[in-house]
Amino acid sequence: MYKSQKRALLYAVPGMALVLIFVYYPLILTFYNAFYRWNAFSPVRTFIGFENFQRLFSDPVIGIALTNNTLYAVISVIFQCGLGLVLAAVLENKMFSKFQGFFRTIYFMPVVVSFAVIGILWQLALHPASGIVNPFLHLIGLGAFAQDWLGQSTTAIYSIIFVSQWQNIGYIMLLFLVAMQKIPTDYYEAAAIDGATGIKSFFHITIPLVKEMTLVTVVITVIGAYRVFDEVFIMTEGGPGMSSQTLVTYMYRTGFRTDEMGYASAIAVLMFVVLLILTLIQIRVAGTGRSKGEG
Amino acid sequence: MKKISPAALIIKIVVLTLLFIYALTIIYPLIWMVIQGFRTNREFFSDTWGMPQVWVYQNYIDAWNFGIRTYFMNSVFVTATSVVLTVITSSLLAFFLTRYSFKISKLLLVFVLGGMMLSPQISVISLFQLLQTMNLYNTHWALIIPYVAFRIPFITFLMRGYFLGMPREIEEAAFIDGCSSFGIFLRVVLPIARPIIATSALLAAMTFWNEFMFGLVFIESDSLRTIPVGLMNLRGTLVTRWTTLIAGLALSAIPIIMVFLACQKQLVRGLTAGGVKG
């Protein structure tokens with residue numbers, strides 16, 4: 001029935017063309033651009049070979065950025081995947097399933113809000129003089145910890161990561177909830193007859209059966225951590241100094257603030273390589289996980 | 001009826017308390033935001049935790065007039081246009097991928113779905129250059145076209161899954177009745193696919209509405225900015241007028257929270273289908 005090939009192409013062309021021109025072509029262009037010295041609003045371009053790439057290795061900010069991205073990834077995996085898993089398991093428990101809808105809705109709410117809102121809101125909340133975080137610490141007896149969270153190079157990146165956890169735990173929790181709802185209830189009933197309830201059944205039934213989703217959430221959070229931009233740009237713009245710079249914020253800075261588009265493209269290539277490695281690891285791990293599960 | 005043991009009851013109360021405290025840390029900053037928007041700046045700086053003595057609406061009106069109105073309208077236009085274009089192109093593409101088989105069909109599928117793996121962040125520099133050469137830089141189309149292009153792979157993936165699962169009998173019947181392939185697409189496939197179209201549209205709308213980086217880089221004029229970037233601008237102009245700024249934040253967050261509360265089911269289905277958030 002679907003025979004007319006000419007017609008068929010008409011259906012495919014608009015989408016394919018957009019993806020080709022605006023998704024794939026810019027990627028190739030990024031590689032090409034990284035071999036030149038050029039500016040945003042000037043037609044002059046100089047071919048400089050691998051100079052931009054060599055600079056990556058001697059640039060201390062790249063080291064800072066990679067460290068911050070990695071820190072972001074590790075903390076996000078621990079809190080989002082860890083806490084997300086525990087929260088989902090608790091809400092799936094019979095004792096609390098009555099309240100699941102309520103808590104799920106509230107925990108998920110910040111996920112749909114733009115980070116521009118959340119970032120500015122937390123910036124105000126973390127403000128040393130007029131925020132609400134420091135007074136709160138005093139209130140609960142932790143006044144000694146009160147400080148200028150975003151204004152110090154030692155605490156800035158951690159404060160940003162904290163806000164990011166605050167926003168995203170609900171999303172990861174939701175993914176785990178979906179996975180857990182697919183576990184047949186008789187598994188738990190059978191385990192209960194054998195005396196395994198609560199925490200025991202969490203470790204012996206829930207965790208093994210959401211293994212695949214655990215992998216998905218780890219991949220999402222890690223890749224997200226290396227792509228982070230909004231959070232850092234909105235809250236500190238990479239400062240104070242360069243202390244909270246990440247790959248993308250530093251790329252933005254070199255490209256659009258100091259107008260070294262060639263070097264910024266080289267940073268983008270570095271990012272591409274990092275993300276490619278992560279994706280390959282993901283495919284590898286997912287592959288072995290699946291074959292083990294079947295065999 | 002099974003009786004609950006005292007130990008279990010204590011656990012239940014403790015866990016519920018913890019869940020509730022966590023819920024409070026999520027919801028309190030959001031409520032704080034809405035309430036502080038109703039206070040005067042002086043009140044705010046004398047006590048950042050307090051309630052308004054008199055509820056004043058002026059902050060909300062000021063925030064709206066200072067820029068939120070323009071940003072809001074821009075966001076509505078960019079989001080709506082992008083959503084419509086994304087749904088049209090993706091559904092056509094999914095229809096093509098599920099109903100026709102060519103020699104290179106598999107390759108085309110990999111090509112489209114592979115786009116999901118590519119991050120907009122990597123391309124932002126060269127897209128900027130590309131949009132400049134196409135004379136689209138600093139227009140709304142500089143946002144709409146890349147938004148649509150970067151969403152097509154995921155939305156096509158969502159729709160493809162749905163289209164594959166649809167029963168073919170009705171399409172065959174329509175064909176025998178003399179319906180063209182486009183007629184089948186329009187009058188048979190799309191109506192059946194309504195749920196997935198709703199999910200796709202909502203999901204795409206949420207991403208476009210909140211998108212920040214392209215909005216920052218591809219738009220230069222303040223009058224063309226969308227809400228997320230506009231808020232940064234507002235933060236700059238309202239340096240010390242915190243309560244007006246906070247009112248602006250609330251005005252930007254409330255619509256999307258309303259949409260979420262109203263369409264939770266569809267949104268959640270889409271967000272968990274591919275495990276791809278932004």
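**Exercise 1: a residue in a loop**

Is B:Asn135 buried or exposed? With 10 C-beta neighbours inside 10 Å, B:Asn135 counts as exposed. The cut-offs are these: 20 or more other C-beta atoms within 10 Å make a residue buried, 12 or fewer make it exposed, and anything in between is partly exposed, with C-beta atoms placed from the backbone. Next, find its place: B:Asn135 sits in the loop between H5 and helix H6 (141–164) of chain B. Helices (H or I, at least four residues) and strands (E, at least two) are DSSP runs, numbered from the N terminus. Finally, check the backbone: B:Asn135 is not a glycine, yet its phi is positive, about 60°.

A word on the model before going on. It is predicted, so local features need pLDDT of at least 70 and side-chain atom pairs count only at pLDDT 80 or more, while totals for chains, interfaces and linings use all residues. Residues are numbered from 1 along each chain as its sequence is written, and chains are lettered from A and ligands numbered from 1 in the order in which they are written.

**Exercise 2: a residue in chain A**

Describe A:Asp259 in the same way. Start with the loop between H12 and helix H13 (261–294) of chain A, where A:Asp259 is found. Then count neighbours: 14 other C-beta atoms lie within 10 Å, so A:Asp259 is partly exposed. Last, phi is near 55°, a positive value in a residue other than glycine.

**Exercise 3: the build of chain B**

How many helices and strands are there in chain B? Counting gives 13 helices and zero strands. Now turn to its spread: the radius of gyration of chain B is 24 Å, well over the 19 Å that the globule rule gives for 278 residues, so the chain is more spread out than a compact globule. Here the radius is taken over C-alpha atoms, and the rule is 2.2 Å times the number of residues to the power 0.38.

**Exercise 4: two helices that meet**

At what angle do helix H1 (residues 5–33) of chain A and helix H5 (residues 120–133) of chain B cross? Their axes come within 8 Å and cross at roughly 95°. That makes H1(A) roughly perpendicular to H5(B), a label for angles of 65 to 115 degrees. The contact includes A:Phe22 from H1(A) and B:Ile122 from H5(B); residues are in contact if their C-beta atoms, placed from the backbone, lie within 7 Å.

Key
Axes are lines fitted to C-alpha atoms, for helices over the stretch in contact, and angles run from 0 to 180 degrees between N-to-C directions. Angles under 35 degrees count as roughly parallel, over 145 as roughly antiparallel, 65 to 115 as roughly perpendicular and the rest as oblique. Two residues are in contact if their C-beta atoms, placed from the backbone, lie within 7 Å.
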